[in-house]
Amino acid sequence: MSDIHQKLINKANAAVNKARGIVGNDPLYPSYHFAAPAHWMSDLNGPIYYKGTYHIFYQHNPFSAEWGNMSWGHARSEDLVHWEHLPIVLTPTPDGYDKDGVFSGSCIVHNNIPAILYTGVYPEVQCLAYSYDDMNTWTKHDAKPVIPHPPQKDLIGFRDPFVWKEEENWYMLVGSGIRNVGGTAFLYSSQDLIHWTYLNPLCTGFGTMWECPNFFQLGNKYVLIVSPEDEVKYAIGDYINHRFYPESWHRLDLGGTEAFYAPNTLLDPQGRRLLWGWVQGGGTSGYPWSGQLTLPRILSLRSDGKLEQKPVPELQALRGKSFSHRNITVKQVSEYPLQTIPGGGLELIMEFDPVTADSLAIRFDNGGNYNHDFSILYDHFNQQIIAGDRKAGFKLLDTESHITLHIFLDKTVYEIYANYRVCFTGRFKPMEKENYNIFLLANGSDITIRSLDIWKLESV
């Protein structure tokens with residue numbers, strides 16, 4: 001690392017450490033979702049499993065809770081649950097090709113040396129950095145950017161490299177858009193990470209520009225995930241002669257871009273494809289932090305040609321006091337008082353058969369102040385999930401009579417899994433009081449709840 005870059009890194013880390021003590025006092029700082037120690041964070045970058053440890057990087061502004069000064073934050077974990085914050089690894093170099101920002105990218109290991117491929121701006125170019133001390137410090141490649149310009153003109157964006165290895169070659173996918181054509185991702189190959197050969201667009205489709213592409217194999221199929229600035233989508237299809245042929249496109253999460261965006265994935269030693277997304281928003285005014293990640297999810301293929309998403313089982317280590325209910329009959333019209341539990345973080349798994357019922361609602365009452373209550377409605381008749389004032393329609397469960405809702409609440413963020421086929425991430429107003437009073441309400445007919453388990457989740 002050059003002396004100039006090291007001084008800039010030291011300055012950035014000092015700014016984060018100064019704000020960290022303030023942020024720690026914010027009652028809305030997430031209890032068990034990952035967030036930067038202070039200031040702005042956004043896209044997850046370069047998740048990797050290296051020498052027995054999970055590492056994540058992320059877009060980070062060390063100096064403010066607003067977007068800007070894009071650098072790479074860093075954290076590591078041995079269990080995907082408890083994360084250790086580490087010093088910032090990359091920050092813009094004045095008069096360098098990344099002087100206006102170190103944007104998103106990938107981390108891989110080449111010839112036993114960790115390497116980061118990222119986008120420098122402006123203009124958008126693809127850059128390279130190495131670590132020779134097990135990811136503690138990083139040295140930027142001194143030559144010109146490894147990809148100094150896009151493969152053609154009339155493009156909208158050229159950023160967020162996603163890198164993987166096939167046999168002896170490395171491949172890089174760069175998100176872009178072809179003006180008046182649609183979003184795309186350009187494919188390159190290399191043997192040394194320095195010299196890259198342009199191949200072709202991997203795939204071209206909807207929207208104007210695809211950010212943060214991810215491309216990987218699941219079973220005998222391939223999956224492409226893109227963030228087209230409105231909602232994150234994925235397609236499952238075939239990969240033939242360096243081109244991807246999607247079967248159909250689907251939403252990856254029912255939350256909008258303010259709640260779920262720029263996801264990234266890794267393949268862990270157990271063969272699991274893990275995914276995180278970025279959730280926007282911060283906490284109490286005066287506490288300088290913004291942004292957090294979803295919980296890690298395991299992706300797998302379903303027989304219907306869509307993705308299954310499940311929370312990693314490692315999260316069960318956070319389970320504390322539990323409450324279990326079996327064979328509850330919830331009458332329509334009148335609310336069924338279920339439980340009072342401590343506020344903060346909780347996990348809830350509920351199984352039921354709607355039969356002829358139109359809907360089932362779970363209301364988290366906060367002591368009578370309805371402005372701060374939060375409800376989740378499973379609308380079987382209209383095939384919707386409504387969380388708070390947000391609706392998310394789907395047509396995926398209409399052939400299934402048995403429903404499982406798996407719900408996580410953490411201060412102001414919810415994650416809802418419906419039969420592990422539909423995920424819905426979003427934010428809700430913070431509760432004013434310490435405890436949740438939970439009520440159930442059926443509509444259309446009575447509903448029998450087969451099982452309902454609730455856990456208070458401990459803070460990390």
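How many bridges join strand β30 to β31? Six bridges join them, and the two strands run antiparallel. This is a predicted model. The points below cover its sheets, its nonpolar cores and its salt bridges.

**The six-stranded sheet**

- Six strands form an open sheet in the order β22-β33-β24-β29-β30-β31, and their pairing is antiparallel.
- Strands β22 (319–330) and β31 (422–427) stand at the edges with a single partner strand each, so one side of each has no neighbour in the sheet.
- On average, neighbouring strands of this sheet are turned by 15° against each other, direction ignored.
- Strand β30 covers residues 413–418, and its residue Y414 has G426 in β31 as its bridge partner.

**The four-stranded sheet**

- Another open sheet has four strands in the order β9-β10-β11-β12, with antiparallel pairing.
- Its edge strands are β9 (155–166) and β12 (197–204), each of which pairs on one side only.
- From one strand to the next, the twist averages 25°.
- Strand β11 (residues 182–190) is joined to β12 by six bridges, and these two strands run antiparallel.
- S189 stands opposite T197 in β12.

**Nonpolar cores**

- The largest nonpolar core has 37 residues, of which M350, F352, F364 and I449 touch the most other members.
- Another core lies apart from it and has 28 residues, including Y32, L80, L266 and L293.

**Salt bridges**

- Side chains of opposite charge can pair when their charged atoms come close.
- The whole structure contains 23 salt bridges.
- One of them joins K140 and D98, whose closest N and O atoms are 2.6 Å apart.
- K140 lies in strand β8 (residues 139–140) and D98 in the loop between β4 (84–90) and β5 (102–110), so this pair ties together parts that are 42 residues apart in sequence.
- K140 is buried, at 13% relative accessible area, and D98 is buried at 1%.
- R297 forms a salt bridge with E415, with 3.5 Å between the closest N and O atoms.
- This pair links distant parts of the chain, since R297 is in strand β20 (residues 297–301) and E415 is in strand β30, 118 residues apart.
- R297 is buried, with a relative accessible area of 0%, and E415 is buried, with 1%.
- D353 and R450 also meet in a salt bridge, at 2.9 Å from N to O.
- D353 is in the loop between β24 (345–352) and β25 (359–365), while R450 is in strand β33 (residues 447–457), 97 residues apart.
- R450 is partly exposed, with a relative accessible area of 39%.

Conventions
Residues are numbered from 1 along each chain as its sequence is written. This is a predicted model: local features need pLDDT of at least 70, side-chain atom pairs count only at pLDDT 80 or more; totals for chains, interfaces and linings use all residues. Side-chain values use heavy atoms; hydrogens and water are left out. A nonpolar core is a set of buried Ala, Val, Leu, Ile, Met, Phe, Trp, Tyr and Cys residues joined through side-chain atoms within 4.5 Å. Buried means under 20% relative accessible area, exposed over 50%, partly exposed in between (1.4 Å probe, protein chains only). Two strands pair if DSSP finds at least two bridges between them. Axes are lines fitted to C-alpha atoms, for helices over the stretch in contact, and angles run from 0 to 180 degrees between N-to-C directions. A salt bridge is a side-chain nitrogen of Lys or Arg within 4 Å of a carboxyl oxygen of Asp or Glu.
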